[in-house]
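Let's walk through this model together, one piece at a time. Keep the structure open beside you as you read.

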Amino acid sequence: MNAIQTALSMYGAEEFSRLQRLYTMYGHTATGPDYIAFARPCCEANHEEFTEDGHDAWFIELVVGSGRMDELIKKLPYNLPRIGWKRGFKGKDNVRFYDLDKLKTILTRY
């Protein structure tokens, strides 16, 4: 199963198509033969809203495939102080944000 097929199985065709349109218009998409990622600038305190200004973080909606996180971060069009994503852990959906420069330092060690 390739990255798009995996994303389709996670979200369903209709929701995946909706997200793809939103992130193409208002965010950033990165795709390759073996990965797909959707990210958008956001305000950390109100990360669920698509806003036009007040951005202090990147919110990663989707990363699927074999690409390394440091390579995906390099594809972001500009730097913001923080980066966050949702993690499903023990039945809870938790959104965590991290200092982007510190995360880059950690990721370049491996």
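Start with helix α1 (residues 3–11) and helix α2 (residues 13–26), which pack at an angle of about 115° with their axes 7 Å apart. That angle makes α1 roughly perpendicular to α2, a label covering 65 to 115 degrees. Here axes are lines fitted to C-alpha atoms over the stretch in contact, and angles run from 0 to 180 degrees between N-to-C directions. On the α1 side, the contact is made by Ile4, Ala7, Leu8 and Tyr11, and on the α2 side by Ala13, Glu15, Phe16 and Leu19; contact means heavy atoms within 4.5 Å. Helices (H or I, at least four residues) and strands (E, at least two) are DSSP runs, numbered from the N terminus.

This is a predicted model, where local features need pLDDT of at least 70 and side-chain atom pairs count only at pLDDT 80 or more, while totals for chains, interfaces and linings use all residues. Residues are numbered from 1 along each chain as its sequence is written, and side-chain values use heavy atoms, with hydrogens and water left out.

**Off to the strands**

Now find Val95, which sits in strand β5 (residues 92–99). Is Val95 buried or partly exposed? Val95 is partly exposed, with a relative accessible area of 27%; buried means under 20%, exposed over 50%, and partly exposed in between (1.4 Å probe, protein chains only). Skipping neighbours within four places in sequence, Val95 is in contact with His47, Phe59, Trp85 and Lys86.

Finally, look at His28 in strand β1 (residues 28–32). Beyond residues up to four places away in sequence, His28 touches several others, including Tyr23, Trp58 and Lys75.

Conventions. A polar contact is a pair of N or O atoms within 3.5 Å; within protein, one must be able to donate a hydrogen and the other to accept it, and residues adjacent in sequence count only if both atoms are side-chain atoms. Angles under 35 degrees count as roughly parallel, over 145 as roughly antiparallel, 65 to 115 as roughly perpendicular and the rest as oblique.
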